[in-house]
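Here are my notes for your first look at this one. Keep the viewer open and click along as you read.

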Amino acid sequence: MSELASASSLSEGNDTGKSGKPVAPGVCQAAGSLDGHRCDASGRRLTTNQGVPVSDNQHSLKAGLRGPALLKDFVLREKLTHFDHERIPERIVHARGSAAHGYFESYADHSALTAAALLSEKGKRTPVFVRFSTVAGERGSKDTARDARGFAVKFYTEEGNWDLVGNNIPVFFIQDAMKFPDLVHAVKAEPHHGMPQAASAHDTFWDFVTLMPETAHMLMWVMSDHGIPRSYRMMKGFAVHTFRFINREGKASLVKFHWTPKQGTHSLVWDEAVKISGADPDYHRRDLWEAIEAGEYPEWELGVQVFSEEQAEQFSFDVLDATKLIPEELVPVTPLGRMVLNRNPDNFFAETEQVAFCTAHIVPGIDFTNDPLLAGRIHSYVDTQLSRLGGPNFHEIPINAPVAPVHNNQRDGMHRQAVHRGRVAYEPNSLAGGCPFQAGGAGFVSFPEQVAADELRGKPEKFAEHYNQARMFYASQAPHEQKHIADAFGFELSKLTVPAIRHRAVALLRNVDETLAQKVADHLGMRELPEPLPLASKQGYQPEVQRSEHLSLLAHPGEVGIRTRKVAIMCAAGTDAAEVQAIAQPLMDKGAVVRLVGPHVGLIQAKGGELDLDASFANSPGPLFDALVIAPGSEAVKSLSDDGQALEFVKEQFRHCKPLLVIGEAREVLQAAGIPLDNPDKGLLLVSKADDKALRQFVSALEAHRHPERETDPPRV
Ligand code: HDE
């Protein structure tokens, strides 16, 4: 019988060695795996969670080979029970995210501004873990949804963990934490049928936001190109609320935090975002992972707008109102340091999923303000971890554990890891020599703000002005960005089933910009514009800045040239291999990621040798690339011109305003795709050879990322 059992196990499952030959149970495979890399578990036996060696991981214990499975099979039961409990609740918002490790480096000694240890010395490095996310979608949803993006940074400082839990947009939808559950219920999939996933284009979201005009400013941001970033690496970050810095002398300043990417700020276009969500739903996760694996470490500069209470009182808006930003023309950004992400997580669940960011985690030298949205956040994040991570000891999970030593009298609770010794778990005490003792002035001291006021519900008058900054944002956008905003409103509202909500949205937009409202109404086939929504404030606060230089994505082209930009070189049998080489190598030398794409992966017979293609039109369609080169070779050009998928690839590159370098007779492929060649823009390069001049032009077109001058309404291709 035992012979029979082991004979059948040898012929099944993964019981084969490198050679493909069956391996007897008990023989370690660590000497080499099938793909030739060494296993890091060399010599280790498979065990249960109690460390009991497992003899057979393929067959449950049965009474006879065809008999019933036995309840006493603790090996099977432990395996299944653990599996049954593998999932933890996903985050109620920001469920979909990706993360990386890195460090923050202070540019200088900033102790005149803050006592925060991480900013106390030039060159001082503090480890960080950063998680980027979308907001509305579930954990397995697409990356390229139109949405705000989370930008949460955990600094493991020597004086405890500081979590700067921000977004890629400097303002928020609402002013008071009381409204947050309503906002989230409205934007998430509608509860009766669970649709749509990771999308705000539905009735309940627009119903809520149009009844809540304080959302106007953030709506403009989310409907703009900021709502569909090209990459997590190419977006800014903001803490949104006003915080306080306090120095060792107790002097306080108000601050707003900004992260600015060295990679520049770049976006997708909507048609592209929609298609990427099908072609690669993990687009942003993959992008971050691949860049770090390739040693292209993304970097951001941390800066602060520093201002006083007296200055703040003069502003036409309230700095405690999270729907308002402070234009940089009023208070410029002071650089503090840089953050580099240089290591991917080892395990997605252990790190990215279990990381617990909490707005309440601050360190000496930094403090909150009375922003009523922030107040709710100070409560909510710790609270949510209790159910998400199963109890009050989530700070012991390795990714959440501070590097600073933890000494206190908190004890026990679910999943406690620390083994406290001794009998003293209280303070004050004499039995443990008074330890751990209070740090006094060397510890965290809250800013001693004077408060003498009546308890009440309500808001200050300036909070009731909702449109000045929405208008400023719109006025600050380039013409093509303004068009994208109108298109986005048009698209989202076109998805509504209740016409009255569309009308209310256009009524809201009339308070922002009449031309925008008209364009959106045109999208919706609305004959007459509704009356503007009534204004909540009659005060007529005069904005200091009508148009800001800093709010367009174009304000930050970046400093990295074409590094990490993905370039497809379109090939087919008969492509001129020498021309491919002449263009591919110099692009790679400049840091671009070059992929040969054709009708299938693997080898093709090119002119002058074989080419090994990395990707096919089916597995990597056009939207996944930043630019396209079509190589010459008459046989290839002919077959590509007859290939519907190749032509679709070319059309999408053109429609999405991406650079195209078309060499020699390859222009026939463009003609077959119906691309207008009469008046080529700077991103459409038709050259006879892949020489230095062609390369220079292409690199500069790629640096510009996109060529919106190509956009027409409707698109020609
Ligand atoms: Fe959050 N938010 N939030 N939020 N938020 C969460 O905490 C909440 C707000 C932000 O990668 C939750 O651990 C309330 C503003 C990010 O793990 C939850 C209010 C900003 C992340 C929560 C806000 C954010 C979260 C869900 C209004 C930008 C993801 C899981 C009072 C400054 C962090 C979790 C990560 C996550 C509550 C408003 C950013 C439920 C109550 C404003 C980046 O606690």
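Predicted model: local features only at pLDDT ≥ 70, side-chain atom pairs only at ≥ 80, totals over all residues.

1. Now zoom out to the whole chain. You'll count 19 helices and 18 strands. The C-alpha atoms fill a box of roughly 80 × 80 × 55 Å along the principal axes.

2. Of the 717 residues, 51% count as buried. The accessible surface comes to about 33,700 Å², and carbon and sulfur atoms account for 54% of it. As for contacts between residues at least 6 apart in sequence, 73% of them join residues at least 24 apart.

3. Have a look at a helix pair. H3 (residues 180–187) and H4 (residues 203–210) pack at an angle of about 145°, with axes 7 Å apart. On the H3 side you'll see Asp182, Leu183, Ala186 and Val187, and they meet Thr204, Phe205 and Phe208 of H4. Sorted by type, the residues of this contact are five nonpolar, one polar and one charged.

4. Next, a loop residue. Glutamate 121 lies between strand S1 (97–106) and strand S2 (125–134). Beyond its neighbours within four places in sequence, glutamate 121 touches Ser106, Ala108 and Asp109. Its C-alpha atom is 9.1 Å from that of glutamate 105, which is 16 residues away along the chain.

5. Finally, some backbone details to check. Most residues other than glycine have a negative phi, and most peptide bonds are trans. Cysteine 435 and proline 436 are joined by a cis bond with omega of about -10°, and proline 436 is in the loop between H10 and helix H11 (468–475). Another cis bond joins aspartate 713 and proline 714, with omega of about -5°; proline 714 is in the segment after helix H19.

6. Two residues have a positive phi to look at. Valine 240 has phi near 70°, sits in the loop between strands S5 and S6, and is buried at 8% relative accessible area. Histidine 705 has phi of about 70°, is found after H19, and is buried at 5%.

Terms used
Residues numbered from 1 in each chain as written. Heavy atoms only, no water. Axes fitted to C-alpha atoms, helices over the stretch in contact; angles between N-to-C directions. Helix = DSSP H or I, 4+ residues; strand = E, 2+ residues; numbered from the N terminus. Contact = heavy atoms within 4.5 Å. Nonpolar A, V, L, I, M, F, W, Y, C, P; charged D, E, K, R; others polar. Buried < 20%, exposed > 50% of the residue type's maximum accessible area, 1.4 Å probe, protein only. Areas by Shrake-Rupley, 256 points an atom, 1.4 Å probe, with all protein chains shown as cover.
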